[in-house]
Each structure stands twice: as structure tokens, then as C-alpha cells.
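Hi,

Here is the model I said I would pass on.

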Amino acid sequence: MSNLRLILALHDHQPVGNFEEVFEAAYRDSYLPFLEVLERYPEIGFCLHTSGPLLEWLVDRKPDYVARVRALVEAGRVEILGGGYFEPIMTMIPHADRVGQIRSFSAYVQEVLGAKVRGAWTPERVWEQHLVSAFAEAGVEYTVLDDFHFERAGVSGDDLFGYYLTEDEGRLLKIFPGAETLRYTIPFQEPHATYEFLRDLAARRPGATVVFADDGEKFGSWPETYKHVYTHGWLARFCDMIVGNKEWLASTTLGRTVDSTLPLDKIYISDGSYREMTEWALPPARRRAYEEAARLIRQHDRSAELKPFVRAGGSWRNFKARYPESDEMYCRMLGLSKRLAAVAARPDADPDYLEAARRELYRGQCNCPYWHGAFGGLYLPHLRGAIYQALVACHEALDEAEGKTGPRVELEVGDFNLDARQEVRIENDRFVAFLRPAQGGHLYELDARGTGVNLLATLDRRPESYHQTILDTIRARGSSEHGASRTEGDARVVLKHDDLDDRIVYDDHPRKAFVDHFYPSDVTLDDLAARRDVERGDFVAGAYLARVKREGKRVCLTMERPGVADGRPIKVRKTVEAAAGSPRLEIRYEIEEIPADARLHFGVEINLAGMAGHADDRYYSTPDGERLGMLDARVDRPDTEGLRLSDEWLDLAVGLSWSKPAGLWCLPVETVSQSEGGFEGVYQSSAVIPHWRVVGDESGRWEVSIRLAIESCRPEPVAELRGTPSLAEA
């Protein structure tokens, strides 16, 4: 009779907005071949969690695969795990959305795969005890976390093999610990390593249950795993090992284990996630200190005894503090969730639009671009863009649900980014704009409603702990050309671009729009690109005093700040106006109290994102149509009157013009980040900086107006070219 239960739980996921070719490659290299091998072993049951974005893609693109999974479900060989529909970090979203996401996905799974969902996957194993209530309310009986969570709660050793009961406000949930040892032996070591671990456990703890719960992409999609797992037959040998030891080793599922065994005990688990996540959440300096402390503990002769009492790293929530761009997405999402709840309470709200808004809100809660670890995450512009596209669509659907149609303009003041200071939202039927007077008077979000693009989904360049690894590797490889040997560790470092050391620079201000600079007279574009210390004013991030005005079909925000430029006291006033039905923001700068002998160098930085950097159909052009290069090019021109940034694939263009001729600098903002394939440079946005030599008039005053227009890339057909009269002529 078997005396050890082995549960294999696979988590297959692709985020909202990922590229079609990534879905295809993961299907080809991981999801399909894994299923083909397991189909040959009817004795082996397993649990499968396929996230909502991926399952929808499979239903649409690979119906034969879905049918095969359904057949395994009907045969009782596969247990389907549910969870949040669009793979949210559960602690990040409101309770009502947690319950709604889980229930929606359970219904979809039952429709598509014929499976009644009992257990749920907890994304990234990010846990807080209050989640028990949401899981239970949504009909979930059990979930899987890491043994790391249990160790922090005081459970260790052989007590980690089974499941526990936990509770919140009287609601119950069963929780299994996943074995970290198996996460590192499967599939990276030969099956015999797992056999030895399991055989030893069976001898020590008859009747125990051990869980492997991890990413399905490890089986073929991760670098170099396809050849190992399939071509060289690792998975088949692993299955042979399980079947060949069935006299003492039983392959089972979470549900069968819950139905046939009792919980080991009751437990309350501390807030946390898997161990590596807690390390990634730390700021670079603290992470280096943590790694040194962890190294010292590992060297201690009682390290195994000390390990359960050492609190690891940081909290997942601090990704929002570490990365303001993550916090901006979060605050936008949270605001829409609250608005949806308020609109849904209205008896006159259109239910169809409410449902559309709810679905888009859930899509906008997909976790992947809200954080960064071993994978690109937050650093991938297309994933951030997909979140904003969903959130803008949610905003649109809520407007429809409320009956807001036609030309209109609104201005609202509130703490939209949850920093205890007031921001301003200006929106009309063409765009939604958020400004923060308390931080430089920046425009920090600009949503083009027609395309769902946030033109300010930018990302600042900041230190990451692995940047030193890149620099050390480049230095070592440079030395190796002169006789130095290459280390084993260095050989595993993959640099996807040759000049990453030149790209590792850090921003000292947010890469947003209408960032106000005063420069030295001799500053150059190269100085800006190298991030040399060239700032001569205190307006970049200083607080502006703001007042608002609403008048008919126009709204106005005026921001003022007294400050210093080039050592001289001056005052800057900038006014932002919008009108109903107009695709334009009008920004007027007035600089006052300029000393008579002052010659100031004033620049306005406008970062724009959401459009690809290096493609022929994404480009800069002059107002008269002259192309100046792709959006990742550098531009340095004197005496310009404006600029146009075009993305023909999105049919989106941003037209900029200014009332006084200006010098113009443009440069790409590129980050250096870590991905599963290695270290790489990633285009994030284009910085556009018109700049002027400012001399005050007799009253010490100077002004300029800037117009930002969101337009279609494709010009309207010209009537004369068709040989027909224009509307005016008709």
C-alpha cells in the first residue's frame, strides 16, 4: 500500500497584453509537450491552473488542446485549480474584486473545461491572512503556498508534509505547503534526486503528503529547458520513476487528499510571498545587506536551526513604494474600482456597460507589470500599456453606463495618487489627464481615449541590484581579452546588448510631462543624455500653488511657484486649459520677476510613451512633414516651431507646437533590466525638450504657449486630390 502522496500542481500563465509570439512559443515548448507526455501515463494525476488570459487564448487559438484537457478532467486525471480570472495579486485589489474575479473564473472554467473548481492558485504566493475570507466567500476550499510561509509561522521539518486549516472571521480555508526542495530538483536535477528525497521522506514520515507547485513554463519555456525536459527525455524518465514506485508512492491531487485525510493542525500564516520575491522587493542597498546577512547565516554551523527564525526580505506591497509607476497604475485601478461600485449602486446605470467595465477592471488588475523580479515585469512597456488600455476601457464603459456622451469637459480635484496631497483630473471626450501641482506641476497621466494609450506610461531609470553584476561582467570580459580567465559565474551572465554599461544611468527627476528646467547656457544634448548635473533651478520637482477655474465648456488649472533659476529669484506660472470636444491641451508659461541682467536658459521636458521606439512607422517629423528619425533617435535642432510624434501602427500621433521658436532636443529613455533571457536595454519613452534663451521685457516678464494635440496618424483625405470639390467649395 502506498505510504507517500505526491501532488504535482502546474501553474501556466501568460499576462494580459503579452505578445502573440510569446503565447505561441510557450504553447509549443511547454504546454502542449507536457500534456502529450502526461497523456501517456494514465496512472499519474495532477493539478493544473491555467490563468484566465492564457485560457482565453487557448480557447480561441488552440481548441484541440482545450478539448484534450477537458477529456483528462472528465477521466478524473486532472484537477483544475481556479483563482483570480486575470491573475491579480490578491492583496492588491479590493475584497469585492477578489471575490468577483474568483467567481467569474470558476464559472468560466466550468463552462470551458467542465470542472467544478474547489481549489485556487494564489498568484506569486503573496499572502495576507485576511485573504481567507475572500477565498471562502468565493467558494474556494483550499490553496497552495510555499513551505517558506509555514516556516515563518513556526512549522518546520517533517511537519511541512500535509495540509493545515486556517481561519479568518470564522471562515475556513485549507492550505498546502509546497516543497522548496522539489522546486529546485524538478526539473533541473535528474529524477533520481527527487526519488531520493521522496524515498527518505516516506521512510521517516509514512502517510505524508508532499506537494510540488510551480510554473509550467519551467518545463520547456525557460532557457535551455526544452531540450532537457523533452529532447533528452527528463519528463518521461520522471514519470517512469513515479509509476515504477507505485507500491509506496501515490500520484494524487489536492482535492483527493482533502477528501481522504485530515488537516495536520490549525495555523495562522504571516504576511509574505515566496522567498525570492521578498528579496526582490527590497531596495538595492538593503538587498545587498540582506544577502550578506543571509550568507553569514548559511556559513553558521547551526544554520538549519537558525533559518526558520530569520525573517526574509520585504513585503510585496513595497513594490508600489519602490516604483512610483507601479503605484500610479495601482491608484488608477483602485479609483476605477471604487467608481464602479458607486455607479453599480445607481438604479439608472446600464448593466451591459457595467459588466464591460467590470471585465476591463479585472484585466487591469493582472499582476505582472506591477512588480519586477527575475522577469521583466514592470520594465516591459507593452505589459504596462496593456494595463492602461484596460483601465481606460473601464473608464469609457463607466462613462457609457452613466450616460456621458458627446462633447464635454470636467475638472476634479482630489488625492488621486494617495500621497495626502491634491491632484487635478482634467478630462473631456478625447482624453483624460492627471496633474500633480505638489510635485513640479507635472502632467503624470494622459490617456488617449480613442486608442486606450496612456502617453505618460513612462518609467524612470533607477538603480537595481543586478546593475553591478552587469558592470562587473563587462569589466571581467574586457580583462579576459588581455589574458584574464573567464569565471563559471560570468559564463552564465547573458548580456543581450553590447553597450549596457553605457546605458546604466539614473534619472534624478520623474520622466513625466511639463517638467520645468533651467539649464546652464552651454549645456548640450550629450550632457542631458549622460545625466550630468546641469540643473540650475528648483522647479523640477518643487511644489506649485494651484487654483482651478471652470467656465462654460472650458476648464483651467493655474499653478505658480516662486523659486530660483541660475541663482536668481524668479516666479513661474503655468496654466493648463482644455475645452469640450478638443483633442488639445493648451499650456501657457509665464516667467516673472526676471532680473534685467539675467539671461536664463529655460527648457520644458515632455516625455511621451506608449509608442514603440525602433520601427520605421514610429517616427519624429516637423510640422511640415520632414521626418527626423525613429522615436529612439536623438534630435538636436535650432529654431523649431513644433514637432510631431507618430505611431502609424496605433494610428496615434502627438502634435506639439510652441508660440516662440525654440531649440529642440529629443532623446530616448532606455532602461537596463533583467529578463528570463538575460540582461537587456529596453526603450521606455522619448524625451522632447524645447528650450529657449529667456530675457525679460521691461517689466521682467517672458511667456510662451505650448499646444499638445492628440491626433490620428492618418491625415483626412484631401478633397482636391480626389478631383471633387471641398465642403467649403460645395
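This is a predicted model: local features need pLDDT of at least 70, side-chain atom pairs count only at pLDDT 80 or more; totals for chains, interfaces and linings use all residues.

I'd begin with H2, which runs over residues 52–61. Of its 10 residues, 7 are buried, so the helix is largely enclosed by the rest of the structure. The buried ones are Gly52, Pro53, Leu54, Leu55, Glu56, Trp57 and Leu58. What does the covering? Strands E1 (4–12) and E2 (46–50) take part, and so do helices H1 (20–39), H3 (63–74), H4 (95–113) and H17 (351–363).

As you know, a packed pair of helices is described by the angle between the two axes and by how far apart the axes are.

With H4, the angle is about 25 degrees and the axes are 12 Å apart. An angle under 35 degrees counts as roughly parallel, so that is how H2 sits relative to H4. The crossing of this pair is left-handed. On the H2 side the contact is made by Gly52, Leu55, Glu56 and Val59, and on the H4 side by Phe105, Tyr108, Val109 and Val112. Sorted by class, that contact has 6 nonpolar residues, 1 polar and 1 charged.

With H1, the axes are again 12 Å apart, but the angle is about 85 degrees. That falls in the 65 to 115 range, so H1 is roughly perpendicular to H2. Here Glu20, Phe23, Glu24, Tyr27 and Tyr31 of H1 meet Pro53, Leu54, Trp57, Leu58 and Arg61 of H2. The split by class is 7 nonpolar, no polar and 3 charged.

**Two buried side chains in other helices**

Val73 lies in helix H3, one of the elements that cover H2. Val73 is buried, at a relative accessible area of 14%. Leaving out neighbours within four places in sequence, Val73 is in contact with Val78, Ile80, Leu113, Gly114 and Ala115.

With neighbours within four places in sequence left aside, the residues in contact with Glu325 are Leu378, Tyr388, Thr458, Leu459, Asp460 and Arg462.

**Cysteines**

How many disulfides does a search of the whole structure find? The count is 0. Cys47 is buried, with a relative accessible area of 0%. For Cys713, the closest cysteine sulfur belongs to Cys666, and at 16 Å that is too far for a bond as well. Cys713 also counts as buried, at 11% relative accessibility.

- Ile186 and Pro187 are joined by a cis peptide bond, with omega about -5 degrees. Pro187 lies in the loop between helix H7 (180–185) and helix H8 (191–204).
- Asp639 is not a glycine, yet has a positive phi of about 50 degrees. Asp639 lies in strand E23 (residues 635–647) and is exposed, with a relative accessible area of 64%.
- Asp651 also has a positive phi without being a glycine, at about 55 degrees. Asp651 is in the loop between E23 and strand E24 (652–675), and is partly exposed, with a relative accessible area of 23%.

That's the lot from me.

Cheers

Terms used: Residues are numbered from 1 along each chain as its sequence is written. Side-chain values use heavy atoms; hydrogens and water are left out. Buried means under 20% relative accessible area, exposed over 50%, partly exposed in between (1.4 Å probe, protein chains only). Helices (H or I, at least four residues) and strands (E, at least two) are DSSP runs, numbered from the N terminus. Contact means heavy atoms within 4.5 Å. Axes are lines fitted to C-alpha atoms, for helices over the stretch in contact, and angles run from 0 to 180 degrees between N-to-C directions. Angles under 35 degrees count as roughly parallel, over 145 as roughly antiparallel, 65 to 115 as roughly perpendicular and the rest as oblique. A crossing is left-handed if the near helix is turned anticlockwise from the far one by less than a right angle, and right-handed if clockwise. Ala, Val, Leu, Ile, Met, Phe, Trp, Tyr, Cys and Pro count as nonpolar, Asp, Glu, Lys and Arg as charged, and the others, Gly among them, as polar. A disulfide is a pair of cysteine sulfur atoms within 2.5 Å.
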